[in-house]
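Hi everyone, thanks for having me.

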Amino acid sequence: MDWVTGMSVDKAQVRAFYDESREGSHGRHTDAFEQEGRRDVIVSLLKRIKLSNPKALDIGCGAGWLMKEVAAAIGGDFIGTDISPRSLQEASVESPQTSFIAMDAEAHALKSESLDLIVCSEVIEHLPSPQSALAEMYR
């Protein structure tokens, strides 16, 4: 159920929308200036935390450009997730050494307390139930 409209959401339609949006995008939905700025802020914040070789999850990684940049900057073992299998295919080409899982941000199968870090950029505002996703991230 969408938290704003109260209408039910068909996850298959959402997945199809994001798969179709990958066509011709080459992993870029926003301009390079905006992406670089977001990456710089995220990397700067994560460097201040000073995690040592974190086990990290990027929720809604899309084609994986941000995850690749963050992993290069701070190290660690990253897993990329997205609702769109097509996005994950692109990401696996760009980062073949990384694990990718097609999953819903609101209900994942990862073990509780198994991660040191979760990155979730430009995702929350697209979710029908951000509260559910945040609860999943917290556990």
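Helices (H or I, at least four residues) and strands (E, at least two) are DSSP runs, numbered from the N terminus. What you see is a predicted model, where local features need pLDDT of at least 70, side-chain atom pairs count only at pLDDT 80 or more, and totals for chains, interfaces and linings use all residues. Residues are numbered from 1 along each chain as its sequence is written, and side-chain values use heavy atoms, with hydrogens and water left out.

Now, which residue in β2 is the bridge partner of Leu57? It is Ile79. Strands β1 (residues 55–59) and β2 (residues 77–82) pair in the parallel sense over 5 bridges.

Let's zoom out. The open sheet has 4 strands, paired in parallel, in the order β3-β2-β1-β4.

On to the cores. A nonpolar core is a set of buried (under 20% relative accessible area, 1.4 Å probe, protein chains only) Ala, Val, Leu, Ile, Met, Phe, Trp, Tyr and Cys residues joined through side-chain atoms within 4.5 Å. The largest one has 16 residues, and among those touching the most other members are Leu66, Val70 and Phe78. Helix α3 gives the largest share, 5 residues. A second, separate core of 10 residues includes Leu57, our bridge partner of Ile79.

Terms used
Pairing = 2+ DSSP bridges. Buried < 20%, exposed > 50% of the residue type's maximum accessible area, 1.4 Å probe, protein only.
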